[in-house]
Amino acid sequence: MNKVVEIFEPETELRSSVIEFLELLCSKGFILSGDSVEECSNCDAITRNDNQRLAEDDSNTIDTQEFLSKYYKERPFPTSIHVEIASECNERCIHCYIPHEFKQDLMDENLFNLVLSQAIELNLLHITISGGEPMLHPRFIDFMRKCREADMSVNILSNLTLLNNEMIEEMKLNPLLSVQTSIYSMQENIHDGITHQKGSLNKTVASVIKLIENHIPVQISCPILKNNVNSYREVKEWAVKHNISAGIDYSIIAQYNHNKKNINCRLSIEELKNFISEQFSSDSLFRDEIEKEITERRKKTGDDYICSICNSSICIGPNGNVFPCVGWSSKILGNIKSQSLQDVWMKSEAVKQLRAIRFKDFVNCRNCSSKDFCTICMVRNSNESSSGDQFELNQYFCDMAKIKKEIYNGC
């Protein structure tokens with residue numbers, strides 16, 4: 001608290017900021033206010049029964065979406081939207097789930113304004129802007145500014161090779177903004193070989209340094225492929241050195257048109273086993289994450305949702321198509337040009353069908369001995385299915401769960 005006071009001197013300024021923040025939370029329905037405890041107790045935002053049930057919850061915690069589900073009487077309430085302002089990209093990453101021949105669209109400025117205005121009407125809390133490569137869009141800075149003016153929490157997904165000072169200055173004005181990028185290796189021949197863009201490693205690294213220097217939150221993703229499985233550690237070490245987060249992802253998915261040529265670079269089962277075994281033995285955080293996932297999955301029942309798609313989040317492509325999540329562009333739920341986002345969210349039959357899916361609908365998973373180590377992913381299933389069937393399980397990911405269980409139990 002003393003450090004906070006040092007930053008917000010004098011104390012009256014700190015008090016004013018705290019009051020302003022609490023009033024904002026009240027206005028959004030996250031907390032209650034009143035002149036007395038009794039007045040707050042009479043508020044119907046969350047019923048006494050809800051409070052009692054939460055008090056009896058083993059974890060004594062509640063996430064944002066669960067809170068909103070109670071507040072809106074279990075009606076699915078969107079909290080975030082993912083907007084692809086460009087499918088066009090200046091890199092040609094070998095594992096990308098977007099077919100390269102489809103990377104040619106840019107979202108019209110009027111369409112972005114429409115999306116943003118409807119997101120505001122729905123009281124969405126968060127917007128992710130991505131592509132393709134979003135910085136290729138000539139209105140990228142304007143789009144960021146409009147999100148800031150709308151007081152939207154913003155996340156940017158970019159390869160950062162096109163970052164410039166004007167973009168940085170706008171990012172600095174948005175205290176809610178974060179940036180995510182991918183670095184595959186600290187060796188140029190490996191990273192640039194994956195992106196098929198000579199000089200991309202040096203440009204991305206230089207941009208990450210600039211963001212750090214300007215106090216802009218940034219995190220790194222490092223997808224694990226055959227090409228970089230022996231050099232990803234350097235990325236993690238570099239991130240630690242610069243005090244930024246670096247996550248790994250070894251669940252590479254097929255392209256959304258069901259073409260599987262991009263997964264040729266995915267780790268083989270034997271390589272996957274060696275990789276996961278090494279993570280367990282060398283990274284305590286990896287084991288902690290697995291244990292956390294196991295705990296969360298064991299809380300789930302057959303009547304629980306699979307994930308957030310069409311329950312708290314939704315995506316919009318550069319042509320206005322609405323789809324369930326990143327990577328599942330083939331599953332068109334509507335188009336924002338002809339329907340409001342509200343109508344798609346509440347009235348689309350495709351949305352209703354996805355929203356009705358529960359864990360129990362995956363019959364082959366019910367009694368699987370490795371289910372606590374598995375993440376059911378409908379887009380992963382659909383993309384790798386020749387017919388686009390979200391229920392068609394893929395043996396690769398079933399084997400991944402078995403490997404995790406075997407190594408976890410053996411540790």
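Start with helix α2, residues 11-27, which holds Phe21. Helices here are DSSP runs of H or I, at least four residues, and strands are E runs of at least two, numbered from the N terminus.

A word on provenance. This is a predicted model: local features need pLDDT of at least 70, side-chain atom pairs 80 or more, while totals for chains, interfaces and linings use all residues. Numbering runs from 1 along each chain as its sequence is written, and side-chain values use heavy atoms, without hydrogens or water.

Now the sheet. It is open, nine strands, mixed pairing, in the order β6-β5-β4-β3-β2-β1-β7-β8-β9. Pairing takes at least two DSSP bridges. β6 (245-249) and β9 (334-335) are the edges. β1 (80-84) and β7 (313-316) run parallel, joined by four bridges. His82 partners Cys315 of β7.

Which residues touch the most other members of the largest nonpolar core? Phe140, Met171 and Ile276, out of 85. Core members are buried (under 20% relative accessible area) Ala, Val, Leu, Ile, Met, Phe, Trp, Tyr or Cys, joined through side-chain atoms within 4.5 Å. Helix α17 (395-410) gives the most, seven residues. Apart from this core lies another, of ten residues, including Cys93 and Tyr184.

Definitions and conventions:
Buried < 20%, exposed > 50% of the residue type's maximum accessible area, 1.4 Å probe, protein only.
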